[in-house]
Number of protein chains: 2
Amino acid sequence: MSVRVGIVGLGVMGRPMARNLLAAGFPLVASTRNRAVLDELAAEGAEPSASPREAAERSDVVITMLPSSEVVSQVVAGPGGVLEGAAAGSLVIDMSTTHPDVSRELARAAAERGVAMLDAPVSGGDVGAQQGTLSIMVGGEADDVERARPVFEALGTTITHVGPHGAGQIVKACNQIVVGVTYAAVGEALVLGSKAGVDPALILDVLSGGLAANRIMEVRRHNFLERTFPAGATVDLHHKDLTIALDVAGSAGVALPLSAAVQQMMRILRAHGQGGLDHSALVTVVEDWAAHEIGAPAPGAERS
Amino acid sequence: MSVRVGIVGLGVMGRPMARNLLAAGFPLVASTRNRAVLDELAAEGAEPSASPREAAERSDVVITMLPSSEVVSQVVAGPGGVLEGAAAGSLVIDMSTTHPDVSRELARAAAERGVAMLDAPVSGGDVGAQQGTLSIMVGGEADDVERARPVFEALGTTITHVGPHGAGQIVKACNQIVVGVTYAAVGEALVLGSKAGVDPALILDVLSGGLAANRIMEVRRHNFLERTFPAGATVDLHHKDLTIALDVAGSAGVALPLSAAVQQMMRILRAHGQGGLDHSALVTVVEDWAAHEIGAPAPGAERS
């Protein structure tokens, strides 16, 4: 008999993940405060449940996919939460991007009830969630990672056990640092180059052929050139992720000046009501500083 | 009859480029102040010449590959320089990383003598130069780019005409911004993650599977994990390149705070006598700020 999976949180990530779990044949119990989404998923074969506690009562493995550490804490350890319903021997997997201290604290609270816990944040965004190609970075006990593997394999293509409780969240913080700072780097290059008269499409072409190549110039090329930033992963969420990274860095005694600068740039976007845009909108902060939008082709430029 | 090529500057880049030109069958006239290198190349089939002027007198196309804008100016337009020897109708290609203002000024000086000029800086480093796989970004007239194409094809695999005189150098500046800032991003991620107890090799694995993926984590993996930084492209040269980028940005009214921070980080390395290391040594500045070297595997971490 297949493992029964519960999922709490059916947003831009959780919903396609739920669909992939159904497609893989897992009996699925769903929980969300959004009634319309719950009905929609029930029509596709999920069992609706009235609370995180109820979802946990009816599952062997419960996944949480929620927008902040505070919500994760509340949903897992708060009243009516997952740990009130989870049987001894069951497994809770938090796939949200959560502060690693919260991950460790929840793992301890779960252990007191005989419940195992993993932190398993993902990268790959909404597209990766839809296609089941997420990269999943997992912190916790090796036995539990093996137990969770069939579930992970329905959701992602790269599953890496990176260390004990909280380690998954540490690696996610590292990921968000590189992604965020790379956006700023590409923004500075494109604004300088296009203000100096060079076609930004040619800049992306040339840079992609050498040591400067990165996935962001490939995947977000259209956003940079058309200056359109549909989310995607939002500035608001990436700002939250960098806030976690900088807080972990503070506790660890690590100075991260570039990450801090990028977090502040995201705060500028939020101050202008643009937190809901895709995080690639970071390049518009560089544009704004230079009073120059990433431009039209320069006269005389030609590809060969 | 094959085009006669002259090359001035036979350093870590110029020497392997000269060998590739010989291998492609071009009659080659070489000029350098380093007598031993000149003798070595002569033994391989190049004709030695006594000065840049003499190299130009005996060539149809002259390449310069030199360490700074000042040296390029002197060698091209100074006494005993290329323009004194170049016949009307010949072509001078500066493949050094040069300030775009200098490129434009030299193109004007060349034009006064009926000599065409291209700025054609490269990315790909010493390995690209050896393997003939450089990415070449070319500024100048389209006709001259076509004329130079057989020569470029002996040296690189990606040849892109990016705009008028100076545009090649603008794109090279953009390239060095993205490369330099990416080193800092990877450094911040690896120092944070490893100080927080995660195996840095696992961090590189996971990040390479998602949106954070970049060529630098791939090509310089060994440098980061072993903390060994044999040049390669040096900190000194990259610092010079960022100084050009920031000067161009100043003239264009573009603010580049992250590039400026990275240029200052490179200056820290130079202050400590480490300007001769590979530019990937930038990560050691982040290490130094945190008093933590990118570390050994964390206990409990395991790949799956």
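**Core and cavity of a predicted model**

The largest nonpolar core comprises 103 residues, and A:Val262 and B:Val262 have the most contacts inside it. Such a core is a set of buried Ala, Val, Leu, Ile, Met, Phe, Trp, Tyr and Cys residues joined through side-chain atoms within 4.5 Å. This is a predicted model, in which local features need pLDDT of at least 70 and side-chain atom pairs count only at pLDDT 80 or more, while totals for chains, interfaces and linings use all residues. Residues are numbered from 1 along each chain as its sequence is written, chains are lettered from A and ligands numbered from 1 in the order in which they are written, and side-chain values use heavy atoms, with hydrogens and water left out.

Leaving aside residues up to four places away in sequence, A:Val262 touches A:Gly180, A:Val181, A:Ala184, A:Leu242, A:Leu282 and B:Leu258; a contact means heavy atoms within 4.5 Å.

A:Cys174 counts as buried because its relative accessibility is 0%, and B:Cys174 counts as buried at 0% as well. Buried means under 20% relative accessible area, with a 1.4 Å probe and protein chains only. Over all chains there are zero disulfides, a disulfide being a pair of cysteine sulfur atoms within 2.5 Å.

The structure holds one cavity of 30 Å³ or more. On a 1 Å grid over the protein atoms alone, a cavity is a set of points where a 1.4 Å probe fits but cannot get out, and lining residues have an atom within 4 Å of a point. The largest cavity contains about 40 Å³ of space, and its lining includes B:Asp94, B:Met117 and B:His165.

How values were computed
On a 1 Å grid over the protein atoms alone, a cavity is a set of points where a 1.4 Å probe fits but cannot get out, and a pocket is an open set with protein on both sides within 12 Å along at least five of seven lines; lining residues have an atom within 4 Å of a point. Grid points are joined across faces, edges and corners, and a volume is the space filled by probe spheres set on the points. Buried means under 20% relative accessible area, exposed over 50%, partly exposed in between (1.4 Å probe, protein chains only).
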